[in-house]
Amino acid sequence: MIKYIIYVLIAALMAIIFRGRITTLGYNDYKDTLGALLNISSIIFAIIGAWIAIIYPRAMARILNKRDSPQSNKAEGKESHKDANYLSELVEIVMVSAVVLMAVLLIQFFAPLLKGLVDVNYIPYVKYLNFTFVAFLAIAQFAAIFRVILVNYFFLNELRKKNVSDKINELHR
């Protein structure tokens, strides 16, 4: 949760830094960014969702089969713990992408409707708020993409270690 507060603070800092330019921005200036966020979030949501669908049944099977064989409980528990770590990381990434998707859809739906309802005196503040919100969504989605890269890197690293260990064990037989 703290990291999302930091993302909001970074977005607010960006709004302060670019305050002179923000008041000249309109909805059309955000369309490309919103479209990119929508596309990227959709892709990550689908791919990581499929990955979870593959990992989650394996983790559930380990939990359910744990009761059957007491000798393998320790090894199963260790593997289940690794799966749970990967799963929790992936679920958070999917949740971030889902929230970004919903937020972008809401922005695209309500922006044209609300355009004429804002009092002229409050337009600069609304523009600051809009920029901060879109910047927050972009930062959160960027962080999710980076975390996908990290999860894949560490997953690949674990797989390589396991392959080397298996080869060493095979040579000792």
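A polar contact is a pair of N or O atoms within 3.5 Å. Keep that cut-off at hand for the second exercise; the model you are working with is predicted.

**Exercise 1. Confidence**

Find which helix of the chain has the lowest confidence and which has the highest.

*Solution.* Start with the chain as a whole: its mean pLDDT is 85, and 86% of its residues reach 70 or more. Then go helix by helix. Confidence is lowest in helix α4 (residues 73–114), where the mean is 81, and highest in helix α1 (residues 2–17), at 95. A reminder for reading any such model: where pLDDT is low, the predicted coordinates should not be read in detail.

**Exercise 2. Glutamine 141**

Work out whether glutamine 141 is buried or exposed, and which side chain it joins through a polar contact.

*Solution.* First, locate the residue: glutamine 141 sits in helix α5 (residues 123–172). Second, take its relative accessible area, which is 1%. Buried means under 20%, so glutamine 141 is buried. Third, look at its side chain, which makes a polar contact of 2.6 Å with the side chain of serine 41. Finally, list the surroundings. Neighbours within four places in sequence aside, glutamine 141 touches Leu37, Ile40, Ser41, Ile44, Val96, Ser97 and Val100.

**Exercise 3. Aromatic pairs**

Classify the ring pair of phenylalanine 109 and phenylalanine 110, then do likewise for tyrosine 153 and phenylalanine 154.

*Solution.* A search of the whole structure gives 4 aromatic pairs. For phenylalanine 109 and phenylalanine 110, the ring centres are 4.9 Å apart and the planes stand at 85 degrees. Planes over 60 degrees apart count as edge-to-face, so this pair is edge-to-face. As for accessibility, phenylalanine 109 is exposed at 52%, while phenylalanine 110 is partly exposed at 37%.

Now the second pair. The ring centres of tyrosine 153 and phenylalanine 154 lie 5.5 Å apart with planes at 70 degrees, so this pair is edge-to-face. Tyrosine 153 is exposed, with a relative accessible area of 52%, and phenylalanine 154 is partly exposed at 44%.

**Exercise 4. The largest pocket**

Give the volume of the largest pocket and name the elements that give two or more residues to its lining.

*Solution.* Begin with the volume, which is about 570 Å³. Next, turn to the lining: 19 residues line the largest pocket, and those closest to its centre are Tyr27, Ala111, Lys115, Val126 and Asn130. Last, name the elements: α3 (27–65), α4 and α5 each give two or more residues to this lining.

Definitions and conventions
Residues are numbered from 1 along each chain as its sequence is written. This is a predicted model: local features need pLDDT of at least 70, side-chain atom pairs count only at pLDDT 80 or more; totals for chains, interfaces and linings use all residues. Side-chain values use heavy atoms; hydrogens and water are left out. Rings of Phe, Tyr and Trp (its six-membered ring) pair if their centres lie within 6.5 Å; planes under 30 degrees apart count as stacked, over 60 as edge-to-face and the rest as tilted. Buried means under 20% relative accessible area, exposed over 50%, partly exposed in between (1.4 Å probe, protein chains only). pLDDT is the predictor's confidence in each residue, from 0 to 100. Helices (H or I, at least four residues) and strands (E, at least two) are DSSP runs, numbered from the N terminus. A polar contact is a pair of N or O atoms within 3.5 Å; within protein, one must be able to donate a hydrogen and the other to accept it, and residues adjacent in sequence count only if both atoms are side-chain atoms. Contact means heavy atoms within 4.5 Å. On a 1 Å grid over the protein atoms alone, a cavity is a set of points where a 1.4 Å probe fits but cannot get out, and a pocket is an open set with protein on both sides within 12 Å along at least five of seven lines; lining residues have an atom within 4 Å of a point. Grid points are joined across faces, edges and corners, and a volume is the space filled by probe spheres set on the points.
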